[in-house]
Amino acid sequence: MSGKEKKLLQLLRSVTKSSAANGTSILVDASKYIKELKDKVEAASSSQADTDTSSAFGSGSAMPATVSVSAVELDNSSRRRGFRINVSMERSRPGLLVSVLEALEDLGLDVLDADVSCTDDTAFRFQALGGSSGQGLQQQQQQQEEAGGSVDEQMVQHAVLQAITKCMDDDDE
């Protein structure tokens, strides 16, 4: 073992508060330490997610949802704008995917590319690229302007969160 490796192991030993003497034992202790930290982070994020979700889905719900939306340029030549949409939930509900897709359609967005993972009672993941299909683009832009402006990231995020909330409320009834 080189001097550099010995120094790194000693550093790892001190960070993880290991009392091990050999390299293998130090690595085993470090692995246990990392797992403990991971468990603490998961416990903290779980309690934080429950708090964050209560405002979106009512105080009795333990159904955390994360929705992020960012604007992207779809095509350099036509300067078409679109959105990258990410939805993540610990558990899916029947009709959730359909509700999200309908919300995007109501905004005049087509799903151009998507990666979806969902089944009843397991995690729901939806990553999509949404934008105008190009057909009727001028008509859609004109309709959006008449309706009070173009669609932005906050509007997409709000529509998706509303669709999730509606789906959850419908399922609870």
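Two strands count as paired if DSSP finds at least two bridges between them; strands (E, at least two residues) and helices (H or I, at least four) are DSSP runs, numbered from the N terminus. Before you click, note that this is a predicted model, where local features need pLDDT of at least 70, side-chain atom pairs count only at pLDDT 80 or more, and totals for chains, interfaces and linings use all residues. Residues are numbered from 1 along each chain as its sequence is written, and side-chain values use heavy atoms, with hydrogens and water left out.

**Stop 1: the sheet.** Show the strands as cartoon. You have an open sheet of 4 strands in the order E1-E2-E4-E3, with antiparallel pairing. At the edges sit E1 (65–75) and E3 (110–117), each pairing on one side only. From one strand to the next, the twist averages 15°; axes here are lines fitted to C-alpha atoms, for helices over the stretch in contact, and angles run from 0 to 180 degrees between N-to-C directions.

**Stop 2: strand E4.** Select 124–131. E2 (80–89) runs antiparallel to E4, and 8 bridges join the two. Pick Gly82 and look across to Gly131, its bridge partner in E4. On the other pairing, 7 bridges join E3 to E4, again antiparallel. How many of E4's residues are buried (under 20% relative accessible area, with exposed over 50% and partly exposed in between; 1.4 Å probe, protein chains only)? The strand is mostly covered, with 6 of its 8 residues buried.

**Stop 3: the core.** Next, show side chains for Ile85, Val87, Phe126, Val156, Val160 and Ile164, which have the most contacts inside the largest nonpolar core, a set of 23 residues. Such a core is made of buried Ala, Val, Leu, Ile, Met, Phe, Trp, Tyr and Cys residues joined through side-chain atoms within 4.5 Å. E1, E2, H3, E4 and H5 (153–172) each give two or more residues to this core, and H5 gives the most, with 7. Zoom in on Val156: beyond its neighbours within four places in sequence, the residues in contact with it (heavy atoms within 4.5 Å) include Val69, Phe83, Ile85 and Leu104.

**Stop 4: helix H1.** Finish at 3–15. H1 has 13 residues and reaches 18 Å from its first C-alpha to its last, close to the 18 Å expected at 1.5 Å a residue; the expected span is 1.5 Å times one less than the number of residues. Just after H1, Lys17 takes a positive phi of about 55°.
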